[in-house]
Amino acid sequence: VTQYLEPEMKEGYVRTLAFFAMEYSSGHTRKINQIFSLWARELGLKVIDNKAVLYFKSHLGKNQEYRIKTIKNFILKWHEFGYPGVDISSVQLLKKLYIRSAIRGDAVKRKDPDCGPFEQRELDSILKNIHALNARGKIRIDTYCFLLLLIYTGRRTQQISSLRIKDIIKGEGDLYLNIPRVKQRQNFRSEFTAVEINDFLYEQLNKLSCSVLKIVENQIGKKVNAKIGKELPLFISKRELALCSEEKVLISKLESDFLHSKNRSITKRINNLFRLNPIFSSRADKPIKVNPVRFRYTLGSDLARKGASIHTIAKALDHSSVACSGIYIKNHADNASEIDKRMDVFFDPLSKLFLGVEPEINTDKFIEFMISTFHVAETEGRNNHCKNCRFFESWGGMYE
């Protein structure tokens with residue numbers, strides 16, 4: 001980025017970016033840098049003033065202007081630090097400028113065959129494929145377990161890669177994982193959610209933990225004691241582990257996420273696995289595109305199809321609020337048929353009444369439906385009232 005900036009802006013940009021690298025996630029910091037790379041490379045940046053912000057907003061267009069939201073706090077912090085490069089006019093503008101948010105859940109709503117949720121047959125094929133590869137020894141145990149966790153828990157890649165051996169817990173008749181929470185602006189592994197797992201998944205994760213212990217012991221040349229062993233990452237980075245030549249170095253690295261596998265390397269490994277072992281979709285005559293987020297979409301969509309509430313979906317996907325969970329319920333294609341099915345009992349006798357077909361029988365059916373559905377109880381004369389509503393006014397008095 002700095003090669004496209006004016007000389008007096010470089011120090012302010014780098015120092016502010018360093019602050020964000022320390023205080024926020026690496027992913028968020030990378031996004032900021034990518035957006036500034038686009039801005040500086042394509043439009044040039046002599047100073048960040050109100051004109052530069054509006055010009056960049058116009059350049060991004062309606063579908064991409066949400067990117068300005070990502071760098072808004074960065075620009076405000078840059079100005080707050082007093083480094084040259086940010087004019088007060090941009091600060092004033094950003095504080096009152098309306099910026100459209102990113103379109104959420106578009107792939108879920110459209111059931112996009114390439115990046116939306118999997119169909120049940122596709123998910124079954126993926127499971128069958130990875131089980132077969134595991135039986136033949138054609139898939140690494142860590143990749144196999146990672147895919148199983150994506151399928152069964154629907155958690156984010158970062159949450160799964162943050163797991164440690166001690167997070168596999170066997171209680172009194174219960175098996176569960178303590179999965180770290182992310183995207184709640186908490187420190188690394190500071191907050192957890194317990195997720196129940198089945199016997200099969202527990203067995204596979206224990207195999208993986210034994211494999212990790214052997215890899216670490218071979219690296220440091222001695223047996224790892226039980227206390228240190230529990231702190232080891234479940235998905236360990238062999239590249240970073242190679243830098244730990246002795247136990248004390250290993251222990252010092254366990255204080256952070258240094259030894260945990262990086263999300264990009266895991267995603268790349270999954271992509272390569274399905275590139276070499278393609279699974280063809282029934283929706284299109286081409287291989288299924290498999291990426292971690294599609295498993296998350298699939299779990300949310302499956303819960304919505306089964307009639308789960310928005311709060312149940314939010315809990316299952318570990319959302320802090322129901323705002324993001326709504327995409328699985330709004331405009332869900334299967335909801336239309338479910339509504340039709342439930343309304344048939346209402347419309348069928350009503351339509352027959354209009355047509356004059358068996359009026360007495362259909363009148364009784366319609367009244368029975370109204371009473372059972374809306375808890376309407378008949379009282380004296382024409383007055384009916386609803387048991388559950390204190391604001392009810394009798395039907396008989398509505399037209400007087």
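Helices (H or I, at least four residues) and strands (E, at least two) are DSSP runs, numbered from the N terminus. Residues are numbered from 1 along each chain as its sequence is written. The model is predicted: local features need pLDDT of at least 70, side-chain atom pairs count only at pLDDT 80 or more, and totals for chains, interfaces and linings use all residues, while side-chain values use heavy atoms, with hydrogens and water left out.

**First selection: His-260**

Select His-260, in the loop between helix H13 (247-253) and H14. Is this residue buried or exposed? His-260 is buried, with a relative accessible area of 4%; buried means under 20% relative accessible area and exposed over 50%, with partly exposed in between (1.4 Å probe, protein chains only).

Next, display the polar contacts, which are pairs of N or O atoms within 3.5 Å; within protein, one must be able to donate a hydrogen and the other to accept it, and residues adjacent in sequence count only if both atoms are side-chain atoms. The side chain of His-260 makes such a contact with the side chain of Arg-164 (3.2 Å). A polar atom of the His-260 side chain also lies 2.8 Å from the backbone oxygen of Ser-161.

Contact in general means heavy atoms within 4.5 Å. Leaving aside neighbours within four places in sequence, the contacts of His-260 include Phe-188, Pro-233 and Phe-235.

Move to Phe-235. With neighbours within four places in sequence again left aside, its contacts include Cys-145, Phe-146, Leu-149 and His-260. Phe-235 is also one of the residues that touch the most other members of the largest nonpolar core, which has 50 residues. Such a core is a set of buried Ala, Val, Leu, Ile, Met, Phe, Trp, Tyr and Cys residues joined through side-chain atoms within 4.5 Å. Among the elements giving two or more residues to this core are H7, strand S2 (175-180) and helix H10 (199-220). The largest share, 8 residues, comes from H8.

Select residues 120-135, helix H7. Buried residues here include Leu-123, Ile-126, Ile-130 and Leu-133. The buried residues of H7 pack against helix H8 (141-153), helix H14 (263-276) and helix H15 (292-305). Just after H7, Gly-137 takes a positive phi of about 70 degrees.

Key. The expected span of a helix is 1.5 Å times one less than its number of residues.
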